[in-house]
Amino acid sequence: MHCAACSSRIERVVSGMAGVNHVAVNLTLEQMSCHLDDGGAQSHDIIDRVKQLGFKLTETTETTKSVEFDISGMHCASCSSRIERRLSGLDGVHKAEVNLATATATIEYDPAQMSLRSIRKGIDDLGFSATLAQSGADDFSRKQQETERKLQQMKNTVSLLLLFAGLLFYVSMGEMIGMPLPVAIAPDQAPLAFALCQLFLVLPIMYLGKRFYIDGFSALFRRSPNMDSLIAVGTGAAFLYSCWGLFEIFIGLNVHERVMDLYFESTGILISLVFLGKYFETRSKSRASDAISKLVKLTPDTALLVDGDDLTQIPTDEIEEGDHLLIRSGERIPVDGRFIHGTGSVDESMLTGESLPVEKREGDNGFGGTMVNDGALTLEAMQTGENTLVSKIIRLVQQAQGTKAPIASLADTISYYFVPAVMVIAVVSGLSWYFLGEVGFSQSLRFFIAVLVIACPCAMGLATPTSIMVGTGRGAQLGILVKSSEALQAAEKIDTVVFDKTGTLTKGELQVTHYVSKHESTEKEEHFGLAASIERKSSHPLGQAIVGYAETQNLSILEPEKYEQHEGGGVEGTVAGHTVLVGNLRLLRDKDIVIPQNFIDEEHFSMQGSTVLYLAVDQLFSGIIVLADVLKEDAHASVMKLRNRNYQVIMLTGDNAQTAAAIGELAGVSEVHAEVLPAEKHKKIAELQDSGRKVAMIGDGINDAPALSQADVGIALASGTDIAVESGDFVLMYPHLEGVITAIELSRAVMKNIRQNLFWAFAYNVIGIPVAAGVLVIFGGPGLNPMIAGAAMAASSVSVVSNALRLRLFSR
């Protein structure tokens with residue numbers, strides 16, 4: 001595919017096939033996704049149909065991977081045959097090819113049945129040495145390498161084109177700009193040599209740019225012309241006209257008139273400029289996927305395998321679940337797993353956007369691609385290959401980039417009809433100037449060529465997908481995963497932001513906020529330790545919070561000798577010879593514990609959204625423990641930023657009205673809906689939508705799934721560890737609520753960028769085509785030289801891609 005006309009043509013034809021209910025062709029990624037119904041067209045039918053259109057379509061599968069090994073020790077065909085036969089007999093190996101000349105083996109295998117380590121061991125067992133040369137498991141890496149090779153080839157071609165084009169320009173235009181030609185090829189003294197010299201210089205240019213003619217005329221003959229067709233027809237007409245002029249010079253007919261009426265330079269320079277523009281466009285498009293490229297590069301190539309007392313360096317692709325890996329300071333973690341030994345701080349910013357390092361110890365999780373800043377940690381591999389967090393992020397971003405935003409539909413429709421319309425305009429303008437303008441065939445041809453080469457459907461086709469590609473990639477770098485371009489477009493229209501309370505505005509876990517004791521310091525700490533000792537037997541969140549607080553205060557926690565739980569009241573037991581009672585006011589009164597009146601202030605704390613527990617030791621009141629699900633540190637600031645941006649902010653919670661109002665006031669939320677069951681939250685969202693609001697719902701994706709799905713945009717908090725939040729359109733990889741603002745602002749920035757691109761793409765063609773057709777000449781203005789028109793066309797698509805790349809600078 002070379003332009004939007006190509007992608008639009010494929011989309012229309014495939015969508016018209018039986019059983020195809022959805023098709024999306026992405027010009028930037030050069031990919032097509034489609035949904036097929038049972039009993040309709042199959043993948044091979046679609047591949048054949050696309051082939052008939054003149055394009056090559058390859059079906060990608062996730063079950064088979066390809067890998068290449070360098071093999072040493074082979075000396076003859078017998079060696080290569082033995083290896084090939086052995087590998088082909090392994091379970092899960094679909095295909096094995098061993099090349100004796102290059103000493104390599106290429107294997108296609110199913111990773112669910114066969115591991116890379118087993119393949120290498122199979123080769124080693126035969127007495128040969130195998131080392132991993134290049135893994136084909138990563139589609140993106142392979143495409144990047146192909147793009148780099150393509151760019152290098154294009155760069156070499158551009159160098160040759162510019163060399164020949166420069167010489168051609170000097171020969172054809174040199175005397176006009178004060179650069180005299182040698183007598184042997186001077187137009188006034190050796191007109192035939194002058195013309196032949198231009199012919200011999202333009203032929204290599206046309207050969208180097210033969211793709212325009214092969215693809216362009218093929219598309220034209222299939223009645224589906226594209227941008228290449230415009231270039232091929234325009235430059236081809238100029239070349240044929242010049243060849244006729246050369247023939248007249250050769251036979252001595254109108255020599256001095258014809259020698260000044262050659263258009264070889266237009267053909268050569270147009271091809272060179274368009275190819276140069278394509279090179280810059282391809283280079284810019286390759287930079288649009290920089291964000292994914294950086295994510296891919298996070299995973300190290302090798303890892304240190306711990307085998308008893310031995311350390312062995314192995315390729316990351318060979319790591320298997322259960323392997324123990326040593327990661328030292330300054331090294332990246334190769335796969336996901338759990339730390340089983342050591343301590344250290346880990347930088348997870350490249351995955352979650354969280355800038356501060358995270359302290360890790362035994363039992364904590366580690367994620368592939370993150371870096372150990374200091375310390376040394378041993379990791380037990382749990383998720384490898386495509387199952388790691390970084391691989392899931394890459395897949396999510398690629399899926400989002402492959403979707404099509406609704407705003408692109410207009411450009412797609414116009415692109416489909418654009419090229420045929422331009423060809424009609426070019427013919428009409430040329431004929432009009434010749435028959436009505438009476439300017440002669442040569443000048444009419446200039447108008448015809450100028451219209452063909454200035455038209456640019458590429459800019460329209462690249463306007464939306466390139467911005468989506470850069471924007472979603474930049475979002476991933478900031479810890480914001482966008483699941484679709486539709487969601488990205490919808491987010492800019494949001495005017496109401498609804499927060500779930502627990503785990504979203506609050507931390508989602510109870511914490512001890514106050515401990516008020518009637519005793520002095522030593523006895524106060526001892527009694528809290530007794531409370532924690534009795535609560536260690538409890539599974540209730542209140543009890544776990546008390547134990548957690550005691551641990552942070554380094555208090556002594558003992559094993560209780562006796563433990564009893566009072567349903568709905570609290571716990572009771574014996575610790576170190578002391579009877580301990582922790583519970584609500586009713587429980588202590590039932591046990592005849594006398595509580596001083598100044599300690600009974602439940603109403604005050606409940607108004608703040610807190611829970612009060614009473615502590616008694618040896619039948620005597622000791623103090624009160626106040627617990628609450630506290631607000632996140634940035635909750636109030638984030639809510640106020642949203643309100644200052646004129647968003648209506650609402651909180652939904654299942655808490656009672658008093659507690660909900662207290663939390664809402666602390667967070668700065670003006671509208672609170674309390675006592676809303678999880679199953680009813682989506683109804684509240686629907687009510688807001690029915691009133692004309694565009695709603696974003698923010699939740700943890702667990703019990704908020706229906707509400708997240710109901711909202712115009714669902715934003716799920718994954719807390720940096722779980723991105724499989726199916727109901728969220730956006731997934732925040734870190735728990736800070738400022739990500740909500742960043743996600744909405746990213747959406748606005750991307751959509752603004754898309755509109756800029758579309759405006760430029762449409763304005764360029766709307767203004768450029770009439771100018772090329774000679775509208776200004778009618779009013780006494782200048783005409784447009786075809787070479788300038790070609791340069792403008794090349795610049796238009798480059799400018800659109802370059803504008804999209806500005807999104808890489810987007811920040812919070």
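I started with the charged residues and found R120, D124 and E318 linked in a network of salt bridges. For the record, a salt bridge here is a side-chain nitrogen of Lys or Arg within 4 Å of a carboxyl oxygen of Asp or Glu. This is a predicted model, so I note the limits: local features need pLDDT of at least 70, side-chain atom pairs count only at pLDDT 80 or more, and totals for chains, interfaces and linings use all residues. Residues are numbered from 1 along each chain as its sequence is written, and side-chain values use heavy atoms, with hydrogens and water left out.

How many salt bridges does the structure hold? I get 20. I then looked up some pairs one by one.

**Entry: D228 and R211.** Their closest N and O atoms are 3.2 Å apart, and they form a salt bridge. The pair joins distant parts of the chain: D228 sits in helix α8 (residues 227-250) and R211 in helix α7 (residues 210-221), 17 residues apart. Helices are DSSP runs of H or I with at least four residues, numbered from the N terminus. Buried or exposed? I checked D228, which counts as buried at 0% relative accessibility. R211 comes out partly exposed at 25%. My cut-offs are under 20% relative accessible area for buried, over 50% for exposed, and partly exposed in between (1.4 Å probe, protein chains only).

**Entry: R258 and E248.** These side chains also meet in a salt bridge, at 2.4 Å from N to O. This pair too links distant parts of the chain, with R258 in helix α9 (residues 255-259) and E248 in helix α8, ten residues apart. R258 is buried at 17% relative accessible area, and E248 is buried at 6%.

**Entry: D590 and R586.** I have this salt bridge at 3.9 Å, N to O. Both residues lie in helix α21 (residues 585-590), four residues apart, about one turn of the helix. D590 is exposed, with 52% relative accessible area.

**Entry: helix α6.** I traced residues 191-208, which make 18 residues and reach 27 Å from first C-alpha to last, close to the 26 Å expected at 1.5 Å a residue. The expected span is 1.5 Å times one less than the number of residues. Which α6 residues are buried? I list P191, F194, A195, Q198, L199, L201, V202, I205 and M206.

**Entry: T504.** I placed T504 in helix α18 (residues 501-505). T504 is buried, at 0% relative accessible area. Leaving out residues up to four places away in sequence, T504 touches F499, K632, I698, G699, D700, L717 and L737. Contact means heavy atoms within 4.5 Å.

Conventions. Helices (H or I, at least four residues) and strands (E, at least two) are DSSP runs, numbered from the N terminus.
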